[in-house]
Amino acid sequence: MSVITYNKQVLELEGKLYSGNVTETQMQIECALDRTSFLILNLSTLSTIDVAGAFMLYLLIIRAEEKSKQIVLVGYENEKIKEAFYLAGLNHLTHNLAAA
């Protein structure tokens, strides 16, 4: 299960982000985004992420942009993140990525 710690505009995702918990995680992130126009998701401490997790993050970024909001992903240097985004065909998201 992915654990989310919310601190103002930063969400720390920890543990596993995979097909078994993407819906729950997505709902938590959407609730946080409802309260702000700018949200940072720190992925650096994720131990596991699969293609479903990467694609969910991509969809959240698109939905945020449609609402004139922004999500920035931090922690992309985590090799598990890079691999999942590559496998999902999402390595073009560099405009939403930042170093931790």
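**Exercises on a predicted protein chain**

Along the sequence of this predicted model, the elements of the protein chain come in the order β-β-α-β-β-α-β-α-β.

**Exercise 1.** Determine how many helices and how many strands the protein chain has.

**Exercise 2.** Find out which strands pair with β3, and in which direction they run.

*Solution.* Start with strand β2, residues 10–17, which is joined to strand β3, residues 38–42, by three bridges, the two strands running parallel. Within this pairing, L11 has L41 of β3 as its bridge partner. Turn next to strand β5, residues 70–74, which also runs parallel to β3 and is joined to it by five bridges. Here F38 stands opposite Q70 of β5.

**Exercise 3.** Decide whether V51 is buried, partly exposed or exposed, and name the surface patch to which V51 contributes.

*Solution.* First locate the residue: V51 lies in helix α2, which covers residues 51–66. Its relative accessibility is 37%, and since buried means under 20% and exposed over 50%, V51 counts as partly exposed. Together with Y86 and L87, V51 makes a nonpolar surface patch of about 320 Å².

**Exercise 4.** Describe the burial and the surface of the protein chain as a whole.

*Solution.* Take burial first: of the 100 residues, 41% count as buried. Then consider the surface, where the protein chain exposes about 5300 Å², with carbon and sulfur atoms supplying 54% of that area.

Note on methods:
Residues numbered from 1 in each chain as written. Predicted model: local features only at pLDDT ≥ 70, side-chain atom pairs only at ≥ 80, totals over all residues. Heavy atoms only, no water. Helix = DSSP H or I, 4+ residues; strand = E, 2+ residues; numbered from the N terminus. Buried < 20%, exposed > 50% of the residue type's maximum accessible area, 1.4 Å probe, protein only. Areas by Shrake-Rupley, 256 points an atom, 1.4 Å probe, with all protein chains shown as cover. Pairing = 2+ DSSP bridges. Patch = residues over 30% accessible without salt bridge, like charges linked within 9 Å, V, L, I, M, F, W, Y side chains within 5 Å. Salt bridge = Lys/Arg side-chain N within 4 Å of Asp/Glu carboxyl O.
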